[in-house]
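Good morning, colleagues. Please have the sequence and the coordinates in view as I speak.

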Amino acid sequence: MTLLNYCKIDKNIVDFATEKSSIKQGLYTPGANIPVFSDNKILKSKPDYALLLAWNFSKEIINNNVKFLKNGGKFIIPIPKIKIISKNK
C-alpha cells in the first residue's frame, strides 16, 4: 500500500484489489480507497494485467492465480525490479 500511496495510485487508476483473506474482502485499501475483492474477481473481470504489490509473496500469489495466467493475464511485479509474468515465463 505504501507504493500506491506514494505514487498517488488510487481507484481512478486501479479498478480493484484482490485478497485471498476473507477478512479484507469488502473493505478498501488504506489511503487510495480501492475496493478489495476475492481473487476470483480477476477471473471474472479478465483484466490484461494485475499489479502484484506483495512481491515477497509473489510465488504463492501466482500459484494461487495460475488460472488468470492460463487465460492470458499477466502480473506486473514492480519491486525490487520491474517484471512482467505471463504464462510463457
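The protein has four helices and five strands, and what you see is a predicted model. Read from the N terminus, the order of elements is α-β-β-α-β-α-α-β-β. The radius of gyration is 12 Å, close to the 12 Å given by the globule rule for 89 residues, so the protein is as compact as a globular protein of that length. Along the principal axes, the C-alpha trace spans about 35 × 25 × 20 Å. Of the 89 residues, 27% are buried. If we take contacts between residues at least 6 apart in sequence, 36% of them join residues at least 24 apart.

Let me turn to the interior. In soluble globular proteins, nonpolar side chains tend to be buried together. Which residues form the largest nonpolar core here? There are 10 of them: Phe16, Ile42, Ala50, Leu52, Ile62, Phe68, Leu69, Phe75, Ile77 and Ile85. Two elements, α4 (66–70) and β4, each supply at least two residues of this core. Apart from this core lies another, of six residues, including Leu4, Ile9, Ile34 and Val36.

Within the largest core, I would draw your attention to Ile77. Leaving aside residues up to four places away in sequence, Ile77 touches Leu52, Trp55, Ser58, Ile62, Ile82, Lys83 and Ile85. Leu52, Ile62 and Ile85 in that list are also members of the largest core.

Next, the largest pocket. It holds about 1100 Å³ of space. The lining comprises 37 residues, and those closest to the pocket centre are Ala17, Thr18, Leu51, Leu52 and Leu53. Which elements give two or more residues to this lining? They are α1 (2–6), β1 (17–18), β3 (49–51), α3 (58–64) and β4 (74–77). By class, the lining has 26 nonpolar, five polar and six charged residues.

I now come to the backbone. Most residues other than glycine have a negative phi, and most peptide bonds are trans. Where does this model depart from that pattern? One place is the peptide bond joining Ile79 and Pro80, which is cis, with omega about 0 degrees. Pro80 sits in the loop between β4 and β5 (83–85).

Two further places concern phi. Asn33, although not a glycine, has a positive phi of about 55 degrees; this residue is in the loop between β1 and β2 (36–37). Lys46, likewise a residue other than glycine, has a positive phi near 50 degrees, and belongs to the loop between α2 (40–45) and β3. Are these side by side with solvent or shielded: is Lys46 buried or exposed? Lys46 is exposed, because its relative accessible area of 65% is over the 50% cut-off. Asn33, at 42% relative accessibility, counts as partly exposed.

Finally, let us look at the segment after β5, where Ser86 is found. Ser86 is buried, because its relative accessible area of 12% falls under the 20% limit. Which residues does Ser86 touch, not counting those up to four places away in sequence? The partners are Leu69, Gly73 and Lys74.

Thank you for your attention.

Technical notes: Residues are numbered from 1 along each chain as its sequence is written. This is a predicted model: local features need pLDDT of at least 70, side-chain atom pairs count only at pLDDT 80 or more; totals for chains, interfaces and linings use all residues. Side-chain values use heavy atoms; hydrogens and water are left out. On a 1 Å grid over the protein atoms alone, a cavity is a set of points where a 1.4 Å probe fits but cannot get out, and a pocket is an open set with protein on both sides within 12 Å along at least five of seven lines; lining residues have an atom within 4 Å of a point. Grid points are joined across faces, edges and corners, and a volume is the space filled by probe spheres set on the points. Ala, Val, Leu, Ile, Met, Phe, Trp, Tyr, Cys and Pro count as nonpolar, Asp, Glu, Lys and Arg as charged, and the others, Gly among them, as polar. Buried means under 20% relative accessible area, exposed over 50%, partly exposed in between (1.4 Å probe, protein chains only). A nonpolar core is a set of buried Ala, Val, Leu, Ile, Met, Phe, Trp, Tyr and Cys residues joined through side-chain atoms within 4.5 Å. Contact means heavy atoms within 4.5 Å. The radius of gyration is taken over C-alpha atoms; the globule rule is 2.2 Å times the number of residues to the power 0.38.
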